[in-house]
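This report considers the disulfides of a predicted model. Please look at the sequence and structure below before reading on.

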Amino acid sequence: MLSKKLFSIGLMLLSLYMPLIYGAGCGNGSSCSSDKCCNNGTCYSLTDTSSKVDYSENIVLVFDVSSNVQSSTITKLNSLLQSITGSFPEDLEVPYLFFSDSAPTKVKSYNSEELITIRSEASAVGSNFKAAFEQIETFYNKYGNIKNSKKNNILVITEGNPKATSSDSSNGDAIVKAINYATQLKNSGIRIYTVNVNSSSNEDADIASAGSTIADNDYDTVMQLLSSNYNNVQVSTDSNGKAKITSYSASGSYHYRTPTSSDWNELFEDIVANIVVGVHGKNGKCFVRSGCLVPYGTCYGNVTTTTTTKQPTQTIVYSTQKCGSKNGATCVSGYCCNKGKCYEKSKHDNKCYVSKGCESNFGFCY
């Protein structure tokens, strides 16, 4: 009888202790089974079970083909484009737009039977992001959410920053116009992803602070502020023609991407899986970059790190509790690490700034 009581007490204590182990977790704080992933407190099947291939959301692919982009990059992007959309059914149209110092008067589309070929316009004087955004806005005002009630998305792929055209007074002016127009689009409900494949770009790098100017080649600050990682962005051109930041507020993560390996598929795979259902087999919610919580189920994406020596691959320890340089643990997606403790970004936003002690190597930081 005593052993049964002790067993019952043990179960009760374990149930009280489990939330401390799993933190937010899925549902009641527990983990999902190995054939499922955890995203936003819910367990999902790893497999996309949609019976019909279709768009769950709207998307326009936007390619910078100006002198920003090297010929070797164009070759790799063409190969990647075929890899991404080659398996789509013939009747699935993919909207796209090329731009350089100007943009076409309308968004076009292609399908798996008539794949487009990206061609560089290396002689183009500038890179006019604003003109591209204007054309996409026109397109979505006719064919987007207003027609099918689905979320509108933009995916911008470049290797540089906005650059001055004949209508801009400086590169800084071109940057300001691009960011301000992107802010206008985001305010209207459009989600913007930015991808910069420049070897010096880094999605985890700190961005320029409010009150400072943006260097013409500061790809990370510009791409972050263009993307849906930041809202309420206010920039202007100073007396020297540089883009100057007035203010911004962080609003998301994973909307700005840079390559972490030679395989560029990982830059887009989760976006495609989330937006085009019934074709790729993987559930879009189960990617790390889509918010999949590694400790509570199975996730697709880069969840391990390899040392630069000949030592074996080391698995990152994830946590919602203790973290940082003292114990080596990394906070799960959606959490930041400050003074050895993980804080949920949505509830403790003030803890997630590098200037206030956030450790960027062990979680999200502004």
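## The link of cysteine 336 and cysteine 352

Cysteine 352 has a relative accessibility of 0% and, because buried means under 20%, it counts as buried. Its partner in a disulfide is cysteine 336, with the two sulfur atoms 2.1 Å apart, and cysteine 336 is likewise buried, its relative accessible area being 0%.

The angle about the S-S bond is -70°, which makes the link of cysteine 336 and cysteine 352 left-handed. Cysteine 336 belongs to strand E18 (residues 335-338), whereas cysteine 352 sits in the segment after strand E19 (341-344), so this pair ties together parts that are 16 residues apart in sequence.

## The link of cysteine 37 and cysteine 286

A search of the whole structure finds six disulfides, and one of them is formed by cysteine 37 and cysteine 286, whose sulfur atoms lie 2.1 Å apart. With -65° about the S-S bond, this link is left-handed. Because cysteine 37 lies in strand E1 (residues 36-39) and cysteine 286 in the loop between strand E13 (276-277) and strand E14 (304-305), the pair ties together parts that are 249 residues apart in sequence.

Cysteine 37 is buried at 0% relative accessibility, and cysteine 286 is buried at 0% as well.

## The link of cysteine 358 and cysteine 365

Cysteine 358 and cysteine 365 are also joined by a disulfide, with an S to S distance of 1.9 Å, and the link is left-handed, with -90° about the S-S bond. Cysteine 358 counts as buried at 6% relative accessibility, while cysteine 365, with a relative accessible area of 15%, is buried too.

Notes: Residues are numbered from 1 along each chain as its sequence is written. This is a predicted model: local features need pLDDT of at least 70, side-chain atom pairs count only at pLDDT 80 or more; totals for chains, interfaces and linings use all residues. Side-chain values use heavy atoms; hydrogens and water are left out. A disulfide is a pair of cysteine sulfur atoms within 2.5 Å. Helices (H or I, at least four residues) and strands (E, at least two) are DSSP runs, numbered from the N terminus. Buried means under 20% relative accessible area, exposed over 50%, partly exposed in between (1.4 Å probe, protein chains only).
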